[in-house]
Amino acid sequence: MPPTDDLGFVHKFVPARPGSAHPVTLLLLHGTGGDENDLLPLGKELWPGAALLAVRGKVLENGMPRFFRRIREGVFDVEDLKSRTEELAQFIKSASDRYNFSAEKLIAIGYSNGANIAASLILAHPHSLAAAVLFRVMVPFTPDIIRDFSNLRIFIGAGGQDPIVPRTQTEELAGILESGGADVTLFWHRGGHQLDQDDIEAAKTWLSDVKFRKRAEA
């Protein structure tokens, strides 16, 4: 389908492979300068046959789409981040009604800026997702309270030589999520900020073992 913006974000939805009884949906969140097309090939490789919901960030930085503003590299405009996170959470609710998918089988796949807003979504609305693959993610903000992340499985793909994301940021986020009960897998790529095939293969192997849990009614 062509991109549409009638739910508040420019996005593209690719239905699950025909015949899938209980299809998984991947929420694809690009890095700075990307758009709704960037992670479609990655999504198809990570989970062949899954439905794909690819979203374009609404903030422009020197003409490059992002999901929220930053003051400088590595320093986020936290108020804007939190506001944009609420917008994304509302979009997911609207999209789930439009495209008939459930949060119980929704997995975020985020890279860099997209991974950061996915992490923000997890901290603020942990029941919006079932799992997440976060490539080159930072701590989006320090939460006032640690929510219940016990239904979440999280894969963090970090670069051991990443000049943008310090190792301490990666380890701090993993610690926050684990303190709320999340099942966190941390994978260290030997290189820097760019994705490589070892990242993809590690995430694909991890995803093949994801088990979805039925959530209790609120």
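Which residue in strand 11 does Gly 157 stand opposite? It is Phe 187. Let me put that pair into context.

First, the ground rules. This is a predicted model, with local features needing pLDDT of at least 70, side-chain atom pairs counting only at pLDDT 80 or more, and totals for chains, interfaces and linings using all residues. Residues are numbered from 1 along each chain as its sequence is written, and side-chain values use heavy atoms, with hydrogens and water left out.

Strands here are DSSP runs of E, at least two residues, and helices are runs of H or I, at least four, both numbered from the N terminus. Two strands pair if DSSP finds at least two bridges between them.

Strand 10 (residues 153-159) and strand 11 run parallel, joined by seven bridges.

Next, charges. The structure holds eleven salt bridges. The criterion is a side-chain nitrogen of Lys or Arg within 4 Å of a carboxyl oxygen of Asp or Glu.

Take Glu 36 and Arg 56. Their closest N and O atoms are 2.7 Å apart. Glu 36 sits in the loop between strand 2 (25-29) and helix 1 (40-46), Arg 56 in the loop between strand 3 (51-55) and strand 4 (59-61). Glu 36 is buried, at 2% relative accessibility. Arg 56 is partly exposed, at 29%. Buried means under 20% relative accessible area, exposed over 50%, partly exposed in between, with a 1.4 Å probe and protein chains only.

Lys 58 and Glu 87 form another, at 3.6 Å between the closest N and O atoms. Lys 58 lies in the loop between strand 3 and strand 4, and Glu 87 in helix 2 (residues 78-99), so the pair ties together parts 29 residues apart in sequence.

Finally, helix 4 again. Glu 171 and Arg 167 meet in a salt bridge, 3.8 Å from N to O. They are four residues apart in that helix, about one helical turn.
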